[in-house]
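User: I would like to learn how to read a few features of a structure, taking each general idea together with its case here. Could we begin with the strands and then go on to the chains?

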2 protein chains.
Amino acid sequence: MSKLEPYSRKLPYSYALGLYPSHALMDARPESVRRLLLSSAAYGNEGAEKLRERCKVLGIREENAERVLRRESKKENCFAGLVFEKYADPPRQAQNHVVFCQISDSGNLGTALRSLLAFGIADAALIRPCVDPFDPHTLRASMGAFYKMRVAIYDTFDDYRENYPAHALYPFMLDGSLPLQEVARAARAPYALVFGNEATGLPAHFQARGQTVRIPQSDQVDSLNLAIAAAVGAYAFAHRTEEEKK
Amino acid sequence: MSKLEPYSRKLPYSYALGLYPSHALMDARPESVRRLLLSSAAYGNEGAEKLRERCKVLGIREENAERVLRRESKKENCFAGLVFEKYADPPRQAQNHVVFCQISDSGNLGTALRSLLAFGIADAALIRPCVDPFDPHTLRASMGAFYKMRVAIYDTFDDYRENYPAHALYPFMLDGSLPLQEVARAARAPYALVFGNEATGLPAHFQARGQTVRIPQSDQVDSLNLAIAAAVGAYAFAHRTEEEKK
């Protein structure tokens, strides 16, 4: 890792860019951090100095790397970032999951992860072909949420299912058989909310897997943005759990 | 309008770019359409030919304007678009509203409008300073939803309120006094869901205006993306309305 390469899926490391995401990574996965990158403007900035201190304590090397920060963030004002080693941390058995099948937009994935974490889902599975969750663009859109979550990639949905045979499956489909509010009320944990590709949704054979869900929506609109659908689904399921707790 | 200028807020017209949004505009506001723009690749394409027919019937001039399409869409493969006159169409008195105060991201606004329409809210108010709803980037993010809605801009929240004194106000704030599900259950229509700026939220004085709402979320996340918050809010309120109807 002597020379820092332009990010690509094949690299064993990635970049956490910006102060807030860098601190989030240090909170959640300090052991994965390899290097601290700073721009000249960072020195003296409070958040950047805190990050320097935290890295010093852990013996993480720091360097002035303005050019790398500009190249990776595509922004002029990226103060600081961390180089970190990619890690594997699969979803937990006892927790609720979200499964994204063939998701293709990195911004969508990041925004969706941030919303899922907000509504209490911290475990996610991606089914190939899918965007790279370690892509700096995904990481940035997740606003640091990715580091706090457990996300793994599976070749097929069946591979995922073999590892987690007990989760109640809720595939979200435009022609799902029951409306979200009804399904959420009766849902059984641990559950897996399953979403398909942005343009094409889930293949029809998911009609036979678990309880399909329809988010009631006006006929004025074609469909919902994927991150919006995932957030609304997670909110409705989380809300139901709260009611159960009472 | 002889020479088509690069889009700016000051122009009296804007651009609907892409086949789907162009058809959506023709469905909702045919009287505002002034010109049909086509790329060479459009001729023979089914959707483009349908658009040509619709324009011909209404006497709308068509022209090959590949350069304009490329310039405005910033894409190579934009087949067709419409030039249309900006129009004023304020929110209706008897309908539910969403009010965005100082929203600053055009993509956020477009995505939010699309989700709101999906959950049955077709009337929106924007409070200055705010993004331009006629910006082609907003229009594109709304996937045509904007044309089907009534959206108006007000200088201040009080200006909006003077025009709509009877709406029950529900300001969404991180420190709102009641959780969304509780407020939604007891809400009174017509209502106005009020959201603040992406970074700063609503000013504190909104605590004294109507019933403030908190979207319950994990302390693992700073806040929700604005379009996500608006969609979850609208879903929860719409769902409550459905239950009432039973």
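Analyst: Two strands pair if DSSP finds at least two bridges between them, and helices (H or I, at least four residues) and strands (E, at least two) are DSSP runs numbered from the N terminus. This is a predicted model, in which local features need pLDDT of at least 70, side-chain atom pairs count only at pLDDT 80 or more, and totals for chains, interfaces and linings use all residues. Residues are numbered from 1 along each chain as its sequence is written, chains are lettered from A and ligands numbered from 1 in the order in which they are written, and side-chain values use heavy atoms, with hydrogens and water left out.

User: In which sense do β6(A) and β7(A) pair?

Analyst: Strand β6 (residues 123–127) of chain A pairs with β7(A) in the parallel sense, over five bridges, and L126(A) has I153(A) as its bridge partner in β7(A).

User: How many of the five residues of β7(A) are buried?

Analyst: Buried means under 20% relative accessible area, exposed over 50%, and partly exposed in between (1.4 Å probe, protein chains only). By that rule four of the five residues of strand β7 (residues 150–154) of chain A are buried.

User: Which backbone angles deserve a look?

Analyst: Most residues other than glycine have a negative phi, and most peptide bonds are trans. The peptide bond from R128(A) to P129(A), however, is cis, with omega near -10 degrees, and P129(A) lies in the loop between β6 and α5 of chain A. K74(A), which is not a glycine, has a positive phi of about 55 degrees, and with 74% relative accessibility K74(A) counts as exposed.

User: How are chain A and chain B related?

Analyst: Two copies of a chain are related by a rotation about an axis and a shift along it. Here a rotation of 180 degrees with 0.0 Å of shift along its axis superposes chain A on chain B, at an RMSD of 0.0 Å, by least squares on the C-alpha atoms of residues with pLDDT of at least 70 in both. The two copies are thus related as by a two-fold rotation axis.

User: How many residues does the contact take from each chain?

Analyst: With contact meaning heavy atoms within 4.5 Å, 30 residues from chain A and 30 residues from chain B take part. Of the interface residues of chain A, 100% are also interface residues in chain B, so the copies meet through the same surface.
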